[in-house]
Each structure stands twice: as structure tokens, then as C-alpha cells.
Amino acid sequence: MGRGGYHSSRAEFLSDEAILKYNRNGGCFVTTKKAIAFVIFALASLLAVVLLMYYYGPNRGEQKVIKESNDIEKLINDTLNENVPKEEWRLPNTLYPLRYTLKIHPILDEYSDKNFTFTGRVKILVKCLEETNRIVLNWDDLNITDSDVRVYTIKQVRIDSEAVPEHPGKAKRDLNAVEDDATTTTISTEEVPTTELFEETTTGTEPPDTTTAPVLETTTESSLIKTELIPWLVREITRDEENFKITIHTRKNLKVGENYTVDIKFSGQLLNNLVGLYKSHYVDLTGRTKWLATTHFQPIYARRVFPCFDEPKFKAPFKISIARRTNMTALSNMPLKQTEPMNETSGWVWDHFEETPPMSTYIVAFTVSDFESISSESTTAGPVVKIWAPKDDLSQAHYALDVTHELLPFLEEYFDIKYPLPKLDMLAIPNFGKGAMENWGLMKSSLLFDPNSRSIKTKSFIMARIVHELAHQWFGNLVTMEWWSDLWLNEGFGTFMAEVAITKLRPRWHAYSSVKIRDTYNTLYFDTLKSTRSIQTDIENNAQIEQIFDTIIYQKGSSILKMLNYTLSESIFIRGIQHYLKKYSYQSSTQDDLWALFTKTAQNQSIIPNTVTVKALMNSWSTQPGYPYITAMRNYSGAEVVINQTKMTEDTNITTDALWYVPVTYMTKNNDQVRITWLEDQRRTVLQLNTTANDSWLLLNIDETGFYRVNYDTRNWKLLVQQLRRDPGRIPVANRGQLIDDAFQLANAGIINYTIAFDLVKYLHITEPNYIPWYSALRNMEELRVIISNYEYSGLYDNFLLKLVKPMFHELTTTERQHDTQNEKLLRLHIVTSACKLRYGPCIDWARVQYYEWIRQPDPDERNPISVDYRFIVQCSAIKSGGPIEWDFLWNRTLSPSIAPVDLQTAYLSLGCTYDPWLINRYLEYSLSGNISLEYVPYVWQSINHPVGVRTGFQFLRLNWERIYDTYEDIYLVFSTIFHDFVSQLSTEVDLEDLTTFYKLHQTDLKSVSTILQGTVDRMKIRIKWKTKHLESVVNWLKRNKY
């Protein structure tokens, strides 16, 4: 700029006379023609520059997008519908793996220049199913030299005993080089020259036949087996980085029915990316950083560690060997078979593990660490169970061990199959982004529980996680889906089994019941969005595989299995599962295989009509998106009820022909016996009640066993409201929560008036003692509060909520009583949380007292006087109403090596509660700069879910996008959380415009989360439309009721 600023020029320092003189005497003179020619030349030059910038400039793609559309929904759909070549992104069916022999050498050595790298070798015995000259494997980001790729087969010939060599002992030694027995044809190839197995394509000549000398094997018939290793010449090797494949082209075709060995050496890096074989660390109580190497292969990350058939249907046994330092421990899917010194390197050994049963690549696992374990004697014969964790954390692993010993016999009885492996190791891995993983025989999960904690939530959470992953040891590992399209069955069943096991073994655990209700409400909400998809869906590229691991897969899958369990009856459902697991053990299968066995098992023994097959019933729920809402319209002059089904959508203007097979359960005020009628793929049916009483209400979907919503005629809604105010106990507690959730969501869609929903919840502070209806009401009303907070009526609405909450807050107080039931503990926690969120004075004062008592502790890292379950709301309230002192205190606690994982998660969720923009920016900067481990970064973005946090965070996202993208591009866990949990909090027209601009600028970067962004935009548009559709009527209701 110069010291004169933007607007200075040299003429500024001259007198008027000097200016005139300067202007007259300076310059040059040209003719008119020359001047015109000069102007034309200048314009042509400018046009040329513009054209060059358009075609070759960095923003060409962005400009093109901006011209095309300003509708973000259309832009996202265009991205998803791009004509990406579909050819050969899947593996061909020409070969099938019979066995893997895998050796991995991860290097964790701070003194080595190869630290955080790994080398390995895999030998895959394959069977040729169709003649081909292409061996296609999955591969991703591995270093493979062409000369390190070999292919060979083995030929065995019986010869006479006269052909015994001069030194038979030499033949026996050579035979010992053969891996496994002769029938496997998997042999050591150390003696095979590289030139035999890789042909330079430039020579065009056959290499000499240098087949190794025959290996001789004695038999019981005084004859010998000659084993010849025959190289299968490699013509070339090609790599397809877009589809993660490496293809070995052989000179001669592989023959149908023959077995071949593919032998590949490779190397790679141990990255801090939570997938593949990655590095992780923890800090012990002395402050030392301890490193470990561990794996996460689901769904498509085994290919990042070794070339393989990385699709679930390709199941094969694995012989795994892992190198480690002598001061560390290696674990894998099977028990340790042998430890062998690494002769060339002192201080290192090879651990060789027993061969696994046939299994998919995504459940292969191994870990190298300095973890220690605890175990205990089981009361029944079964696998050896150990819990592994850092030494300092082992005291918190006993609960997980006890629960596992209790669950294994339960699941063995349920499935009627013993646990399939000889051991079960369970790892408490730091920085394990997925929360839990069902690796066969080597599970990973959140396992640590402080025995001094009295948390009513943590125990049920840990138990549910363990049940889910244990169930996969049978349903998922023993029997595996053929392809990821059926993932819902795998994950839905694990979630369903958690509910089954905890209901049976912990029937008084309201905490878990509340979690299941919450999950059902969330799933019903997400499944109404325009962007929802069927749970059984076609997958058209690798990116979609990661994206389908969502709420719909887990929770809707669980819900419709629960519905099937009810309609078949529990005994028939269990028998069907048992038949399925026994028939398809160690194989892969599809959902149709399961439906066929259920149909056969259930013949004439269930409440499913004879005209309905299990396949038809379940396909109506699994192969089409969404679900119905059932409308019951009564004729009060008679006993008829017209039952009608309509697809539940966010936009009632959308029409659809979708129909479901719906089991409609019902009861009445005068008859509490549960009855059932069916909508058999039909729009409506007529139900005859056994009562004509005008004051008798009708209730559908008893105990919420069906995955649908229910609407009633206005009179029946009023009868239900009256019943709730007089005696809510006449209506099952799950239905009390369901009535509230259905009413608010039906009102949101414009199907009923919000008056019905608000009238329903007014009974809560008068007669409702149960947590579930309160949760349902406050959850729905909090969503409305997020929308209304953008407008001037926020205080009016908060007064309404406080009027509901205050009586119960003062009745329950903030202090636990000795004889509190679990329901009362949960209800108190939820009421206190709501009161503090609403900034109710007594609640905020209580929270600050609790927080400052903690600050005053002489050693706050070792002693936290705040009850575990209340730590979030106390910390959040204190930080929201405080400043840097309160914030820094909690941040410093996260740096302590002694902090428990559950407390660390709670702290990160609390730190975002601040309303100071500079603290929010600093917090986000900390997360981006590596001060927070990747596993916990999602909690940072989830924590800033309030108006100030959303505005500040979105600005930070835009200003720092290049860094965020570079840091998290390959960390789907973090990347998806930002757009699913954070960006989805935006809720105004201006927000949508800003997001559209952001998307157009970074369309290519955001491809991997396009599906998530569809749902995010749907949620934003619902909030925007809500203002136009409902704000005025809701405000008028609040004013009429004098809030």
C-alpha cells in the first residue's frame, strides 16, 4: 500500500500550478487511428486473459456450478447421481480364497528410522471357479513392488519307491518347508527365484524353466509323492486407485478347479487415522506416552493392510503371524500357538497364532501393545475370557469381565450353539473411534467402569455394547451377510439382542429401557425425511458402504426384528434363528435365506395370516424407505373403526403408493386385552370393536411393538387426554411416551393441530411419575425451542416449559434419596437437566455451587465430588454462566492422564457450552491442532449445539475449511459428525443460503458426505418451513393459555 494509504498518489503532494504544468507537458501524442487500434488491442488482450482464466484457472469448476443452480438439494442430488463408472468396482467371482497365510511386522520403536511403519507378506491360496488370466484383489495405499508379486501352483505325482533320492533325509528336510499338508498346496517359496514368477513385459521371450527340484513325501504304500512347484508367469500388474484394486495379469489362463497361490510382499505406514492398521497411544500415570498398533477393518479397510478379497462373502481361514518386541504383547483372533525368536533382530519375536475358522476379512484383527489382562474362572466350561487394558486401568475392567461371563451362557442357550472359538479377548483401546467392534475372538469396546461410580447409565451402556458385539460372534461372524446391502440385518440383530438380553437379565433397568425408547423416537424421526432410504439397499460404490452405518440401519433394523419377534412369537423367532445359524455356519447368506427359514418354522404356528409369508412381510419394511402412520377413525354411533395406512413424510403434499404389512395391536378403555388385526398390503380395513360406549377410548400399537405412528379422530384424542389427566396408569407407559411423540410429529407434519400435542403434555406435572413420557415430551419441545430461539417468542415458550418442569424440580429436588427407584433417579436427572438448560435460577445456583466445590479440591484430578450422572449438566451450566476461569479449569482436567474415558467424553461435551465466541474458536482450534485425540474430536463439534456455538462454529468451518479437509478427509468418523450433528443445527433461511454457497465452493471435497448432507438439508428445511406453517398458531396457543 505504501505509507500514503489506499487513496494516495504522487499528485497529492503537488500544487495546483504544478499539476497543470505536469499535465500539459507530460505524456505523448498519437493519431486517432492508432488510439483506436490500441484500445482494440487492449480489449482483445483482456478478453484473452478472461478466457484463459475461465478454462485454466483454479475456480473453473466452482464457477460452472454457481451458474448451474442455487438449490443445494438439487446440487447434492446431482453429485449423488453422477455417472460414475460402475464396472469392476466389485471383485469378480472367478476366484475364491481358500486360505490366507499372513505375516505382519509393525514397527513401534522411537529409535528406529522406520518407526510407525509396517512390512508384511501374504500368501493366498485360491481356487479358480472360472477360467481367467486376471487375479483381482482389493488394495489401498500399500507399497507393492511388482517383483514382489508371485503366482504359482503345485503339482503332485505318485512315483515308485525306486525313485528315492540318494539322501532321503534331504527330501524330508525339503518337505518340512511345505506349509500345511500336501492337500492345501500352500508351500514356502523362499527358494523360488523372482525371475521365475515375474516376466518383464519388454522382453517378449519366455524365461528358462527353472522349476524347483521336486519335494518327496513318503506314503503308507511304499511309494512317494513328488510335489512340483510350478510358477505361473506374471505378464503385468495394474493398479486401480479409484476402486482400490490391484490386478495381476498372468501369461497363461488359470484353469477351472485348480488351486493357485498368490504370494505378495508389501509395506505401509502406521497412521493416526483410526482405520486399517493404525497407531494409537495413551499416557500412563507417570506421564509417559505409550504407543500401540491396532486394527479396524470394518467395512473396507483390511485392504489397507494386506491385499485380499475384501468383501464379506469371501470367507477363508487365516494363519496369522505378528512380529513384536519382547516387552510387548501381540493378540489376534485365535490363541497363540508358538513364539519364535527373530534371529536377525535381537529383542524381537514372531508370534504365530492358531488358524482361524473361515471368516471374512473385516473381522480379522490384531494388536501389539503393553496392555495387561485380567481373567477369572468361569462357572461353566467355555472359552478363556480376558479383558485387556493399560495397567493403570485394569481395576476398572472387572465389571466388563463379570458381565461377559454372565452373557456367554445366555447367548449360547439362545442360539443353541456353543461359542465357536477357544478364547475371547476384549480390548479397551484408547482412541478407538467406532466405539465397539465384533472382531472374532478379539472384541473392542468401551469396557471400563469405575467401581466407585454409582452411575445409573454407564453400567447399562457398557452391558448393551458387550451384548451387541457378543451377539455378532454368532450372527455376523459365524454366519455372515453376503454383501453390505444386508448390513441392517447384522447390526439390527446385534441391537435387538442387547434389548433381549438386558430385558431378561436386568428387568428392573429403566435406564436401558429409556435408551431404547429414545433410539426408537430418533429413528422414526429420521425415517420421515425426504432423504431417507430403505435399510436393504443397493450399494453402487465404495463410499456408500461407510455411509450406511447409521441410525436407520441399527435402530430401524432392531425395531422391525422386534416387531417380527412379536408377530411370530418369541419361541418361533428363536427357533428360526437357531435353524438359520446351524444351516449357514461358516458361510455367508442373504436376508431371503433367513425369511425362508422363518416361514418354514412358523407354518400354522404364529399370528401371521396364512396368506402372508415372512418374506413379503419383512420386505415391505426392509426394501422400501419410511414407514406408515395408521389412522383410526371411529364411528361413535356404532362399533366400527376404519383403519387406514399412509406413508409418514415431512411433506404431506407428497403422495405415494407405498404400502406395508402392518400388525395393528389395540385395546380399549373397557377391555385391556390386547388384540390384533392386519393391514395386509392394503390401504384400509374395518375393525369391529366389542364396545359401543362413547366414553371408551381406543389405543393402537400396544407397548410400541410396531414400527409406525398412530393418529386418531379428534374425539378419541380428547378421550385419551382425559384418561391421562385422571389416571395415566391405565395406559401402558411405553404408549404414554408414544402418544406424546406421535402427536408432536404428526403436528409438525401438519396432519393434526399442535393444540392436541400441547394439551397432551399438560398432564405431566400433575400425574406423571414415569421418566419415559417426560423424556418424550421434553425431547420434542426442545426441538421446537431450537427453532423458536431464532425469534422474539423464545421467552414466551421457555415460560411454558418452565411451568411444566418447576413443580417436578422442586418435588424431586437435586438430592438423591436413599430409597429412590431407578425410574426416580432417571426422572430427577432429566428434570434437573431441563431446568438448568432453561436457565432456572435455583438450578443454575446449585450447579455453580457443585462446580466451585470441585475447583476448591486440593487435587481435582483425583477427586471430583460431582455425582457422575450430573457432571455434564453441572459442568455445562457453570461454563455457560461463567468465563475463562471456569473453562480453563475443565480444560486442564482433560490433560490429566488419570481421567476416566467417560469423564473425558463428558468434559469435551461440556466445554462447548460456553457462549463466548472466542472460547469456542479456541476450543475448535485446539481440536484441529492435535490437542484432542481423534476419537474425541466429534464431541467437540457436537458440544457447540446452541445458537452462539452454531453461528461461531459455522464461521470457523468456512474460514478454516482447507485445514479441516486436509486433517479429516480420511477420518470419516469426524468428517461425518461435523455435517450430521453440527451443521444440521442450522435452522434459518440465511443459514441455508450460507450452506449452499459453502457447498458450491467445495462440492468435490464434500462428495463423501453427500448422503449425510441430504439429511442435513432436509432437517434445515423442516425448521424453516415450521416458522411459516406453525409459529403463529403455537404463539397464539401460548398466549391463550397465559404463558
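1. Glu-704 counts as buried, because its relative accessibility is 9% and buried means under 20% relative accessible area, with exposed over 50% and partly exposed in between (1.4 Å probe, protein chains only). The phi of Glu-704 is near 55°, a positive value in a residue other than glycine. Glu-704 lies in the loop between strand 29 (698-700) and strand 30 (709-712). Helices (H or I, at least four residues) and strands (E, at least two) are DSSP runs, numbered from the N terminus.

2. On the source: this is a predicted model, in which local features need pLDDT of at least 70 and side-chain atom pairs count only at pLDDT 80 or more, while totals for chains, interfaces and linings use all residues. Residues are numbered from 1 along each chain as its sequence is written, and side-chain values use heavy atoms, with hydrogens and water left out.

3. Ser-569 also has a positive phi, of about 90°, although it is not a glycine. Is Ser-569 buried or partly exposed? Ser-569 counts as partly exposed, because its relative accessibility is 26%. Its place is the loop between helix 12 (551-568) and helix 13 (570-583).

4. A further backbone point concerns Pro-299. The peptide bond that runs from Gln-298 to Pro-299 is cis, and its omega is near 0°. Pro-299 lies in the loop between strand 11 (289-296) and strand 12 (318-325).

5. Next, the disulfides. A disulfide is a covalent bond between the sulfur atoms of two cysteines. Here the criterion is a pair of cysteine sulfur atoms within 2.5 Å, and a search of the whole structure finds two disulfides. With bonded cysteines counted along the chain, the pattern is 1-2, 3-4.

6. Cys-836 and Cys-843 are both buried.

7. Another disulfide joins Cys-876 to Cys-913, with an S to S distance of 2.0 Å. Its torsion about the S-S bond is about -105°, so the disulfide of Cys-876 and Cys-913 is left-handed. This pair links distant parts of the chain, 37 residues apart: Cys-876 is in helix 24 (residues 871-881), and Cys-913 is in the loop between helix 26 (901-911) and helix 27 (917-928). Both Cys-876 and Cys-913 are buried.

8. Cys-128 is buried, with a relative accessible area of 1%. Cys-308 is buried, with a relative accessible area of 0%.

9. Now the aromatic rings. Rings of Phe, Tyr and Trp (its six-membered ring) pair if their centres lie within 6.5 Å; planes under 30 degrees apart count as stacked, over 60 as edge-to-face and the rest as tilted. By this rule there are 63 aromatic pairs. In one of them, Tyr-419 and Trp-474 have ring centres 6.0 Å apart and planes at 75°, so the pair is edge-to-face. Tyr-419 lies in the loop between helix 7 (398-415) and strand 19 (423-427), and Trp-474 in the loop between helix 8 (458-472) and strand 22, so the pair ties together parts that are 55 residues apart in sequence. Tyr-419 is buried at 6% relative accessible area, and Trp-474 is buried at 0%.

10. The rings of Phe-975 and Phe-979 have centres 5.8 Å apart and planes at 80°, so this pair is edge-to-face. Both residues lie in helix 31 (residues 972-982), four residues apart, about one turn of the helix. Phe-975 is buried, with a relative accessible area of 1%, and Phe-979 is buried, with 0%.

11. A charge sits over a ring if NZ of Lys or CZ of Arg is within 6 Å of the ring centre and within 35 degrees of the ring normal. Lys-252 lies over the face of Trp-232, at 4.4 Å from the ring centre. Arg-506 lies over the face of Trp-509, at 5.4 Å from the ring centre.
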